[in-house]
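Subject: Structure handover

Hello,

The structure we discussed is below, with the sequence. My notes on what was found in it follow.

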Amino acid sequence: MTSCAFRQWRNTKRTSAAALIGYCVAVSASAHAQGSGPSPTQHDDSGPHEAVTEDATPNQSSSALAISADDPPTLFGNPYNRAPSSLGTTRHAVTPVPDKPFFPASFQDWLKQTTMTGDWGGERVRLQNEGINIFGHYLEDSAGNPVGGRGRTVRYAHEVALGADVNFAQLTGHNIGIFHVLLTERAGQGIGQQLPALNSPQEIFGSGETIRFTRLSFERQFGRYVDAEIGWINTENDFAQSTTHWGMNLYCQFQTNAICGMPQAIASNSGYGYYPTAHPGAYIKVFPFGDQRMLVSAGIYNVDPTISNTGYAWKMGLHGSTGAFLPFQIGWHFGGTDTHGALPTNIKVGGYWDTSEVNNVYGQFRGFQIAGVNVGNLPIEKVRGRFGGWFEGDQMLQRDRADPNRSTIAFLSFTWGDPRTAIAPYYITWGVVRKGTFWNRPNDTISIGGKFNFVNPKLGIYAADLQRQGYTDILKPSGEHAGEINYGYRPAPWLTLRPGVQYIWHPGGTNRYRNALLLDMEMGTTF
């Protein structure tokens with residue numbers, strides 16, 4: 001997600017800037033985002049967020065913000081990429097330009113706008129009618145641990161993003177395609193480094209804490225059956241991503257990067273490209289039935305372990321490449337929409353091959369130990385090529401009869417990685433999200449979920465062997481598990497406030513520190 005910062009911007013059925021509103025809040029990028037590769041004690045994970053939508057949804061769709069009444073669940077990520085869609089093939093009907101002043105007439109009118117800055121006196125709608133979407137967001141994650149971990153601390157991190165989508169079908173009337181550009185800026189500190197934590201409790205923290213290109217690409221649809229994109233993109237947008245429900249990214253109803261964006265172990269175990277980094281790459285998606293019922297997709301992305309470093313924010317070439325990340329995915333959608341028909345079910349199964357040459361898993365062992373402790377002569381060897389896979393599913397459990405816009409959805413993911421190299425060969429996330437809380441809060445959410453992060457047992461066996469040999473200061477890695485519960489308060493379509501509580505068992509994946517209790521607050525707004 002991640003994942004999650006506006007990575008879901010692009011998910012719009014139509015190039016409607018208003019649709020981009022929801023995506024901004026909770027998406028999170030991948031657990032990899034920490035600098036020069038995943039570390040057992042420091043993953044600056046970053047991810048996509050969510051946006052609000054009118055009838056369109058930005059990239060992973062409004063996790064935190066967007067609420068879309070009767071949009072079918074977006075199983076395959078970017079709404080641009082779902083079928084059938086006329087996006088990129090025809091002009092859309094012209095939206096009447098509102099005859100409104102630049103500033104809202106009242107505070108209540110401001111809260112009713114689909115974006116914080118409104119229609120810009122009608123100029124935004126005029127641009128949309130020409131096929132030009134301009135969008136932006138601000139997202140912040142704050143968290144503190146009054147109990148547990150290495151020591152008590154409070155951390156703040158944020159992301160600011162500006163981007164545009166240019167739909168040449170609307171602009172010229174010809175099926176040329178869609179140009180995407182997105183710039184993100186991150187700043188602040190991560191509490192995951194202080195706890196420590198294997199997966200960042202703040203989905204927005206990571207990836208160099210700098211300004212960078214997050215997307216610079218060209219997308220083209222070929223009828224209802226094929227969609228392709230090439231340029232500087234990230235895998236998290238289109239493989240192992242969250243389903244979109246109610247115009248919101250389902251995983252990113254959580255602040256923790258362990259859930260938000262995508263199953264974080266994929267990024268820890270491989271060269272998976274996580275938001276907000278951008279890698280040279282391309283994908284192709286095939287919709288066998290010309291609609292959302294089934295998708296078969298494959299891609300190729302450059303693997304560069306340095307891409308999330310601050311000094312490499314504008315790195316656009318292939319120097320530093322260690323190989324290619326080759327993902328594939330098959331997805332199925334059953335049932336109706338979020339508000340009509342049979343309760344929807346979504347399933348995705350995928351896998352990858354990473355051609356990079358990397359250290360085996362023992363190269364991660366020191367990350368679990370106290371600095372300076374003698375760990376012996378580690379059996380580190382080089383491994384060429386690594387693999388893994390995932391299963392993701394979500395099911396609507398119920399839909400209110402009195403108001404079908406209110407419902408409850410449960411999700412589950414399981415990922416596995418190459419046992420020779422994977423730091424987390426087994427990783428599980430789960431959650432239940434309820435949209436519609438109190439009688440007068442139809443768009444608020446209550447979310448409860450968690451992760452089970454199982455550290456590679458080879459490291460535990462090796463640590464136990466060292467302990468038997470008399471290495472008394474050796475810590476035995478086992479795993480790190482966590483849970484979160486939060487309330488998503490949405491006073492406006494463009495604003496989400498999400499207070500929550502997280503609890504982390506075995507911070508850092510060992511028994512060195514007490515279990516940690518975190519109090520957190522996430523806030524997101526779309527411009």
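**Backbone exceptions**

Ala-240 is buried, since its relative accessibility is 0%. Ala-240 sits in the loop between strand S5 (226-233) and strand S6 (244-245), and its phi is positive, about 65°, although the residue is not a glycine. Please keep in mind that this is a predicted model.

His-506 is another residue other than glycine with a positive phi, near 55°. His-506 belongs to the loop between S17 and strand S18 (516-526). With a relative accessible area of 27%, His-506 is partly exposed.

There are also cis peptide bonds to note. One joins Leu-195 and Pro-196, with omega about -5°; Pro-196 is in the loop between helix H4 (191-194) and strand S4 (211-222). Another runs from Tyr-275 to Pro-276, with omega near 5°. Pro-276 is in the loop between helix H5 (265-269) and strand S8 (279-286).

**Overall figures**

The protein chain has 527 residues, and 61% of them count as buried. Its secondary structure consists of six helices and 18 strands. The accessible surface of the chain is about 18,200 Å², and carbon and sulfur atoms account for 63% of that area.

**Salt bridges**

How many salt bridges does a search of the whole structure find? The search gives 14. Those worth a look are listed here.

- Arg-126 and Glu-123: their side chains form a salt bridge at 3.6 Å, N to O. Both residues are in helix H2 (residues 123-129), three residues apart, or about one turn of the helix. Arg-126 is partly exposed, at a relative accessible area of 40%, and Glu-123 is partly exposed as well, at 36%.
- Asp-400 and Arg-434: the side chains meet in a salt bridge at 2.8 Å, N to O. Asp-400 is in the loop between strand S12 (382-399) and S13, while Arg-434 is in strand S14 (residues 426-435), so this pair ties together parts that are 34 residues apart in sequence.
- Arg-441 and Asp-444: the salt bridge between these side chains is 2.8 Å, N to O. Asp-444 is buried, because its relative accessible area is 0% and the cut-off for buried is under 20%.
- Arg-215, Glu-219 and Glu-229: salt bridges with shared partners join these residues into one network.

**Nonpolar surface patch**

A nonpolar patch on the surface is formed by Val-349, Phe-391, Leu-412, Phe-414, Trp-416, Tyr-426, Phe-452 and Phe-454, which together have about 690 Å² of accessible area. Strand S13 (407-417) and strand S15 (445-454) are the elements that give two or more residues to the patch. Which element makes the largest contribution to the patch? S13 does, with three residues.

Phe-452, one of the patch residues, is in strand S15. Phe-452 is partly exposed, since its relative accessibility is 34%.

**Largest cavity**

Rolling a probe the size of a water molecule over the atoms shows where empty space is left. The largest cavity holds about 90 Å³ of space. It is lined by 14 residues, of which Thr-256, Ala-258, Ala-482, Gly-483 and Gln-502 are the closest to its centre.

Which elements each supply at least two residues of the lining? These are S15, strand S16 (479-492) and strand S17 (495-505). S16 provides the largest share, four residues.

By class, the lining is made up of five nonpolar, six polar and three charged residues. Gly counts as polar in this division, so Gly-483, one of the residues closest to the centre, is in the polar class.

Regards

Note on methods
Residues numbered from 1 in each chain as written. Predicted model: local features only at pLDDT ≥ 70, side-chain atom pairs only at ≥ 80, totals over all residues. Heavy atoms only, no water. Patch = residues over 30% accessible without salt bridge, like charges linked within 9 Å, V, L, I, M, F, W, Y side chains within 5 Å. Areas by Shrake-Rupley, 256 points an atom, 1.4 Å probe, with all protein chains shown as cover. Salt bridge = Lys/Arg side-chain N within 4 Å of Asp/Glu carboxyl O. Buried < 20%, exposed > 50% of the residue type's maximum accessible area, 1.4 Å probe, protein only. 1 Å grid on protein atoms, 1.4 Å probe; cavity = no way out; pocket = protein on both sides within 12 Å on 5 of 7 lines; lining within 4 Å. Points joined across faces, edges and corners; volume = space filled by probe spheres on them.
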